[in-house]
Amino acid sequence: LTVDFGRVPVGAVTERVVEIVNMSPVPSRFTITAVAPGPLCDPVFACGEYEGAIEPGGSHTLKLLLSPSLVTPHPLVGHFRVRAVGGVASSMITCTGMAEGPKVVLEESYISFGNLECGKVGTGTLHIRNDSSV
């Protein structure tokens with residue numbers, strides 16, 4: 001299962017939910033383990049809880065969170081393993097998203113001061129625009 005968070009502003013927290021269903025005729029306990037990221041990765045994904053129980057035929061809503069702390073040029077990826085307690089099988093949830101930072105644009109590529117006499121001061125305006133929600 002892959003959960004796409006889309007573009008998330010740096011410093012913001014975005015939530016997605018996944019429904020876990022117990023299709024067995026008996027109650028089932030489960031655990032969720034975050035699969036460790038690489039040594040240079042920032043653990044930006046989190047799970048609202050890491051264990052629980054579901055009644056027979058019931059379901060449980062699992063909250064997944066993305067909170068990027070810096071902009072990276074590559075997608076953010078995190079993994080969570082869901083395992084029934086006492087069971088051998090497990091399922092992997094892969095979370096993806098992009099951290100969004102400011103998108104600064106200079107509206108002019110130059111500033112013209114015209115012809116100035118030596119020793120005189122000229123002024124010009126440079127417009128800077130942020131095309132991001134950050």
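Two strands are said to pair if DSSP finds at least two bridges between them. Strands are DSSP runs of E of at least two residues, numbered from the N terminus. In this predicted model, local features need pLDDT of at least 70 and side-chain atom pairs count only at pLDDT 80 or more, whereas totals for chains, interfaces and linings use all residues. Residues are numbered from 1 along each chain as its sequence is written, and side-chain values use heavy atoms, with hydrogens and water left out.

**Strand pairing**

Strands of a sheet pair through backbone hydrogen bonds, either parallel or antiparallel.

| Strands | Bridges | Facing residues |
|---|---|---|
| β2 and β6 (residues 59-66) | eight | valine 18 and leucine 62 |
| β3 (residues 28-35) and β5 (residues 51-54) | four | phenylalanine 30 and glycine 52 |
| β3 and β7 (residues 76-84) | six | threonine 33 and arginine 81 |

An open sheet is formed by three strands in the order β2-β6-β4, with antiparallel pairing. Its edge strands are β2 (14-21) and β4 (45-47), each of which pairs on one side only. From one strand to the next, the twist averages 25 degrees; the axes are lines fitted to C-alpha atoms, and angles run from 0 to 180 degrees between N-to-C directions.

**The nonpolar core**

A nonpolar core is a set of buried Ala, Val, Leu, Ile, Met, Phe, Trp, Tyr and Cys residues joined through side-chain atoms within 4.5 Å. Buried means under 20% relative accessible area, exposed over 50%, and partly exposed in between (1.4 Å probe, protein chains only). The largest such core has 20 residues, and Phe5, Ile32, Phe45, Leu64, Phe80 and Ile93 have the most contacts inside it. At least two residues of this core come from each of β1 (2-9), β2, β3, β4, β6, β7 and β8 (90-100).

Contact means heavy atoms within 4.5 Å. Apart from its neighbours within four places in sequence, isoleucine 93 is in contact with residues including Leu1, Val18, Leu62, Leu64 and Phe80.

**Histidine 60**

Histidine 60 lies in strand β6 and counts as buried because its relative accessibility is 18%. Its side chain makes a polar contact of 3.1 Å with that of glutamate 49. Such a contact is a pair of N or O atoms within 3.5 Å; within protein, one must be able to donate a hydrogen and the other to accept it, and residues adjacent in sequence count only if both atoms are side-chain atoms. Beyond its neighbours within four places in sequence, histidine 60 also touches Val18, Glu19, Ile20, Phe30 and Ile54, among others.
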